[in-house]
Amino acid sequence: MTGALAVDLAVNGLITGLFYALMAIGLSLIFGILRVVNFAHGEFYMVGAYAYTLIALALGVPAFIALPCAFLFGAFVGWLTERTLMRPLYAGYTSWGLMRDEYAVIVTFGLSLLLVNLVDKTIGPYAYRGPTLIDVSRIAIGPILISGHKLLAAGLAILIIGATAALMRWSFWGRQIRAVAQNRLGASLAGIDTAKASGLVFALSGWLAATAGALLSPVINASPDVGAFPAIKSYVIVVLGGMGSVPGSIIASLAIGVIESFGAVYGSYDYRDTFGLVLLILFLLFRPQGLFGERGREV
């Protein structure tokens, strides 16, 4: 392996990992707050991909205006999901003592089927390619050759991940979200509006997933089932990082991106997407709690 090739593979793997992280962070936040797995998370990704593509192509809106519109639409779908479907499930949290995880699984899985079929019947089963953010096919940075769109999208992903981390760590609502994640009942007794915190988390999750879908729509065309595979990969990443741990999800995302990049070249491209599953199996055997399992309840 030459040094130049290794650097190129590592950088491209890290860029791919950034897009994985956008998906995984939102899923991890929802688990950290509600202790449920959102099976409609892939459809948030799909919503962002379609919103960006259709706003830009059908309405003729410039890409840099269509992009934030897609982000906001994803956040709205996430908030609406929490407000209409999830909030009734945990309205009786203090009397149940535990969240009804099985109900949430059924509800989010049903929402996933609804959104996929709704898009299929209203927009159609055909794939739509989103416009690129920059009309530069390739950019060479030393030995590294990167798509112009992916480089710009990766920069935006870094900014969004950093802003999300800052929001969770230093903002007023971020502190409230972390309090609810650690002890929902205790946070409510301390005067924190847990319903608003949950709504914000779902909106943030929808925003992050829609961001990933919009940024990748020129690479992975928007279609009704486009979010299925990113969602599966997100579940793997969340388990690897430690259920509910945002730092663990970020590290696991970057690691899987790099492993897949090297594995596709020095292993087999056909099995590129299985390396994460192999890593998951190893972790389940030797460290089932994940990278940050001891801190899995912290967001």
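Mentor: Let's start with helix 10 (residues 228-241) and helix 12 (residues 275-286), whose axes sit 10 Å apart at an angle of about 30 degrees. Keep in mind that this is a predicted model. Angles under 35 degrees count as roughly parallel, so helix 10 is roughly parallel to helix 12. As for handedness, helix 10 passes helix 12 in a left-handed crossing.

Now zoom in on who is touching whom. Helix 10 brings Val 236, Val 239 and Leu 240 to the contact, while helix 12 brings Gly 276, Leu 277, Leu 279, Leu 280, Phe 283 and Leu 284. Sort the residues of this contact by class and you get eight nonpolar, one polar and no charged. Gly counts as polar in that sorting.

In soluble globular proteins, nonpolar side chains tend to be buried together. The largest nonpolar core here has 63 residues, and Phe 19, Leu 22, Tyr 52 and Met 86 touch the most other members. Among the elements that give two or more residues to this core are helix 1, helix 2, helix 3 (63-90), helix 5 (101-122) and strand 2 (144-147). Helix 1 supplies the largest share, 11 residues. Take Phe 19 as an example: leaving aside neighbours within four places in sequence, Phe 19 is in contact with Lys 150, Ala 153, Ala 154, Ala 157, Ala 212, Leu 215 and Leu 216. There is also a second, separate core of 11 residues, and its members include Ile 237, Ile 256, Leu 280 and Phe 283.

The axes of helix 1 (residues 3-34) and helix 2 (residues 41-58) come within 10 Å and cross at roughly 135 degrees. That makes helix 1 oblique to helix 2, and the crossing is right-handed. Met 23, Gly 26 and Leu 27 of helix 1 make the contact with His 41, Gly 42 and Tyr 45 of helix 2. By class, this contact has three nonpolar, three polar and no charged residues.

Setting aside neighbours within four places in sequence, Asp 8 is in contact with Pro 143, Ile 144 and Leu 145. Further along, Leu 29 is also found in helix 1, and Leu 29 is buried with a relative accessible area of 0%. The C-alpha atoms of Leu 29 and Ser 245 are separated by 7.8 Å, although the two residues are 216 residues apart along the chain.

One last stop is Thr 194, which lies in helix 9. At 14% relative accessibility, Thr 194 counts as buried. Not counting residues up to four places away in sequence, Thr 194 touches Val 180, Arg 184, Ala 187 and Ser 188.

Definitions and conventions
Residues are numbered from 1 along each chain as its sequence is written. This is a predicted model: local features need pLDDT of at least 70, side-chain atom pairs count only at pLDDT 80 or more; totals for chains, interfaces and linings use all residues. Side-chain values use heavy atoms; hydrogens and water are left out. Axes are lines fitted to C-alpha atoms, for helices over the stretch in contact, and angles run from 0 to 180 degrees between N-to-C directions. Helices (H or I, at least four residues) and strands (E, at least two) are DSSP runs, numbered from the N terminus. Angles under 35 degrees count as roughly parallel, over 145 as roughly antiparallel, 65 to 115 as roughly perpendicular and the rest as oblique. A crossing is left-handed if the near helix is turned anticlockwise from the far one by less than a right angle, and right-handed if clockwise. Contact means heavy atoms within 4.5 Å. A nonpolar core is a set of buried Ala, Val, Leu, Ile, Met, Phe, Trp, Tyr and Cys residues joined through side-chain atoms within 4.5 Å. Buried means under 20% relative accessible area, exposed over 50%, partly exposed in between (1.4 Å probe, protein chains only).
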